[in-house]
Amino acid sequence: YDDRDGWIWLDGKLVPWREANVHVLTHALHYASSVFEGQRAYGGEIFELTKHSERLKKSGEILGFEIPYSVAQIDEACREVLRANDLQDAYVRPVAWRGSEQMGVSAQRSKIHLAVAAWYWGAYFGEEAIKKGLNLAISPWRRPAPYTAPVQSKASGLYMICTMARHEVQAKGYDDALMFDWRGQVAEGTGANAFFIKDGKLYTPTPDCFLNGITRQTVMNLARRRGIEVIERAIWPDELESFEQFFLTGSAAEVTPVRAAGPWNFEVGDLTMQLRKDYLDLVNRRISNS
Ligand code: PMP
């Protein structure tokens, strides 16, 4: 991703894409002291931009650092990157991290950096997944307990197990992994939240050890607007057999149906596709956000 034309916002100014570099002694590279966001622009407008910027600030605070820009400044940096790169439909990636001023676990004096990049990113799981549904394996790794990791922060360090899980299952031909949590409850995908449908009702695990995604919250509202009951509670694997439909939600993944997860099969059903359409109508401003 580093060798291309374009502009990246880095610490307050736009720099040529190829020159947006960091030093190898960057604290974040050694100790995962970084947090990031991921949001999409549709027709030049970033969906729920301020919520993403607020979450970025909060993610940093949870890791013990303050990003030296306000939410409004982060919003503006994201818009500036879209304009500079002449992008209408794009994925926007802000990232904040501890710099190279100090080495060692403790790095109180390190400078906090912020960068924003944006690029075109089509369907996260590909177009075919939307028609056929994803084929998931059960992740060999589990989401950590809230007392062992900063689970409400979109912290880069938490993605180590996501990348490992996804690589491991992709090597066996699966699209992604469904992760359980440390208790053995159903948690989420490696980069998206999980929803299930049974008897016309929507079920989703309580986000007590993973991100309460912005897309997740949006989809819950869209479902309620249609009069669909939304049930948020612990879901154990033995209940998966009884669910008829399963889909993943995320800013990148949008709403993507799942056809199988380990030994459990699901249909790519009407309700999933209706909620997918509602979501795309909302982000493209064909329907309003209330
Ligand atoms: N869980 C994980 C692990 C993710 O990476 C994401 C994407 N940020 C989500 C859930 C969904 O979050 P959102 O809907 O806010 O993009």
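Which residues around the ligand come nearest?

Modeller: This is a predicted model, in which local features need pLDDT of at least 70, side-chain atom pairs count only at pLDDT 80 or more, and totals for chains, interfaces and linings use all residues. Residues are numbered from 1 along each chain as its sequence is written.

Around the ligand there are 14 residues, of which G213, I214, T215, G250 and S251 come nearest; a residue is near a molecule if its C-beta atom, placed from the backbone, lies within 6 Å of it. At least two residues of this shell are supplied by each of α6 (214-225) and β14 (245-250), and α6 gives the largest share, three residues. Helices (H or I, at least four residues) and strands (E, at least two) are DSSP runs, numbered from the N terminus. By class, the shell has eight polar, four nonpolar and two charged residues. Here Ala, Val, Leu, Ile, Met, Phe, Trp, Tyr, Cys and Pro count as nonpolar, Asp, Glu, Lys and Arg as charged, and the others, Gly among them, as polar.

The C-alpha atoms of the protein chain fill a box of roughly 55 × 40 × 35 Å, taken along the principal axes. Of its 290 residues, 40% count as buried, that is, with 20 or more other C-beta atoms within 10 Å of their own, C-beta atoms being placed from the backbone.

Notes
Buried ≥ 20, exposed ≤ 12 C-beta atoms within 10 Å, placed from the backbone.
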